[in-house]
Every structure is written in C-alpha cells, then in structure tokens.
Amino acid sequence: MQRYDYTARNPGGEAVQGLVEAETLDIANEALRDKGLFVLSINEHKERALFEKELPFFNKIPIRELVIFSRQFSVLMGAKVPLVQALKTVAKQTQHARLQVVVLDVASEVEAGTSLSVAMAKHPKAFSSFFVNMIRSGETTGRLEEVMNYLADQMERDFDLMTKIKGAMIYPIFIMIGLVIVGFIMMVFVVPKLTATLSESGAELPWTTKLLIGTSSFFKAYAIQIVIAAVLGGGVFRWWSNTPGGRSIWDRMKLKVPVFGPLLQHIYIVRFTRSMSTLIAGGVDVPQSLEICADIVGNDYYRKQILDTKKEVSDGNSITTVFLREKSVPMMIPQMMAVGEETGRLGEVLERLTGFYSRELSNSVSNLVSAIEPLIMLVMGGAVGIMVAAIILPMYNLASQM
C-alpha cells in the first residue's frame, strides 16, 4: 500500500488535508471522490527517514505531548465533536511534528472506516498497548468518551508524579556529578602544583599528604585511561543491563539498594496499581489487564510476577496467589486485592492503593532529598578538611621552620 498526502474540499466547501492509503494514485483519487471530496492536490507521502529510521531516538514522542493530546482529545469528545474532526483539530494544535503526523494518519484511517483503536495500534511508539486497549474497551462498551476522559486524568496524575520525582532528584544528582568532575580536575591539575613544593622540600610528610600525593599522581598518570575505562565501563554495563539475563539480575538488585530500593519499589507498585485500576475501570478483563501491566511496570522482576499472576488467574486461582509468596510485594497489596476480589470491587481497591502509595512515594522522595542535602555538605566539608590537613598544614609547618 502506498500513502498519499492530499488537499481537498469537502461538500461544504472547506479545505481539508490528510493521508490516504491506496495501491495507486488513481485508486487514491477515486477513494477520495467516493467520500465526496474534491481533490485539489495529491502527492506520495514522504517519510522523514533521518529521524524515523536512521535516528530512532528522535522518533520517540515525549510523555508530556501524549498527556496534552489525551486531555485535548477528551475535551473535544466531551463537546460532542465528531471523532475525525476532533483528531484533526488536536493535530493542528500540537507542537510536536512527529505526533502531528501520527494523529493525522490516525484521522485518515478512521475517516476510511478503521476503528480508532486499530488505527492507533499501527503507531506503537506513540500509543502504548495500555493506551490502545483502553480505547478498544471504550469502543466495545460504547463508553469511549468516558474512557478517554478517565485515561486523560490518569495519564496526567502519573505524569505529575514522575515529574515531581525527577525534579526532586535533579539537584542532588547535579551536585554529585559536579563533585566528581571537580574532584577529578583537582587531582589531575591543581593538587600536583600545590604538593610540588612539599615533595621537593625533603621534609617528612604526614600520611594524609602522602596519600593525597599518591592518589593525585595516579590520576595524573592515567587520566586518559581512567576516562576511557569509565566510558567503556558505562557502555558495557548499559549493554549488559539491556540483555534479558542482565536486565533480570539488575532489576532485582536495584530493589535491594539501601534507601533507593524502597523508593523504586513504590514507583513500580504505583505504576502497577494505577494502570491496573484504569484498565479494569475501562472494562478490560483481569487477565488481559495483567498482561498489559506487565509491560508497563518497568521492572523485569515485577514483570515476571505479574505474568505468573496472569497464569494463576487464567487457571481459576486468586489474583493474590503469587503476590502473597513474594517478599518484594508489601503484604498490604495482596490483602487489599483479596478484599477487592471477594467483593467485586477490585478496581476501586486498586485506586485506593494507588492513592496511598503515591503519597508514600511523595513523602519518600521529600525525605530522601532532605537527607541528601546535609550528606552532600558533609562530603564537601570532609573534602575541604582533607585538603587542609594534607596540604595547607604541612605548608604552614614548612614555612614556620624556615
């Protein structure tokens, strides 16, 4: 199938633009005329190979843009704007070029008779399986407007939470990176000049000064090798952590890291409970919801647990079977889910769990940031103290003896 960009006038005389798929240009023209459109221009659609094929990183659409799209689309649907018109209106308003192309393509597909969920499923880099299945459930139950509005609310909450976490961690991460860079520069360029006089004096130096001189000499002699080794080490680690075996080991190790382990655990739990409650509220059955959540949670260890849970549910067992025997899942989760399963209010229980762990996560981040700031001050104070003890005091003593 070839894709063609067209500009045409509808029966009302308004100019419209879009994409159409057809075997040939003549068939595309005929298809547009059958829709009552007067074709003004039609050309073969050209993909932007540089960004979509050669540099797939740029093909990714930011979460923020999808959140804005979801909210605008839900508002237009709530105003009873026809589906195709709503899609085209949102496409004109979006500032992201790639998302604009995707939405226009979806609009053309829907205008040609394709369902919204099927059209969105053709763009997995823009619309996740979670998003597509929510739309499909809305189409199946006739509650597309309600589901879209609910989906927009949940995406906004999730985006706000993750933005808050990232924002809170930027300061300590920036300071730590700065300390490492400054420390490296000091060891390679500054300390050797300061200690040169002490080394040439022939005086007996304290062990702190000897240690500092030795460390500085090592960094200065192997500075290039250290940088290359750090870059290669980072690249090898990234490759290893993306392999199936490496990802499984690393994802499990992250949960055991002091301080950060419980924080990550809360992040994964919130992703699971929020996505699961949204899917159930949208009418998606429990086994399919679990399968979708397994790919959303973002941790291979939890992914395997969720897939095992799906198998248990498909076999007729309780949804809490796997979670009850796993220590990485707080006991509150299976206990509350068991209540929701027995009462038929699983979606509501999961929503309450999401609210509880979202607050826990927010508090954990605030406490972590509060603890890191004095820790950074202690590290900086310790570094200054070592410099004074290793350089300034010996130089002062040397000057006193002269």
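1. A residue is called buried here when its relative accessible area is under 20%, exposed when over 50%, and partly exposed in between, with a 1.4 Å probe and protein chains only. By that definition, Glu-65, Leu-66, Val-67, Phe-69, Ser-70, Phe-73, Ser-74, Leu-76 and Met-77 of helix 3 are buried.

2. This is a predicted model, in which local features need pLDDT of at least 70 and side-chain atom pairs count only at pLDDT 80 or more, while totals for chains, interfaces and linings use all residues. Residues are numbered from 1 along each chain as its sequence is written, and side-chain values use heavy atoms, with hydrogens and water left out.

3. Helices are DSSP runs (H or I, at least four residues), numbered from the N terminus. After helix 3, which covers residues 63-78, comes Lys-80, whose phi is positive, near 65°.

4. Aromatic pairs are rings of Phe, Tyr and Trp (its six-membered ring) with centres within 6.5 Å, counted as stacked when the planes are under 30 degrees apart, edge-to-face when over 60, and tilted otherwise; the count comes to 13. Phe-218 and Tyr-222 form a tilted pair, 5.2 Å centre to centre with 45° between the planes, and Phe-218 is partly exposed at 45% relative accessibility, as is Tyr-222 at 42%.

5. Phe-272 and Phe-323 form an edge-to-face pair, with 5.7 Å between centres and 75° between planes. Because Phe-272 lies in helix 12 and Phe-323 in helix 15 (residues 321-325), the pair ties together parts that are 51 residues apart in sequence. Phe-272 is buried at 7%, and Phe-323 is buried at 4%.

Note on methods: Helices (H or I, at least four residues) and strands (E, at least two) are DSSP runs, numbered from the N terminus. The expected span of a helix is 1.5 Å times one less than its number of residues.
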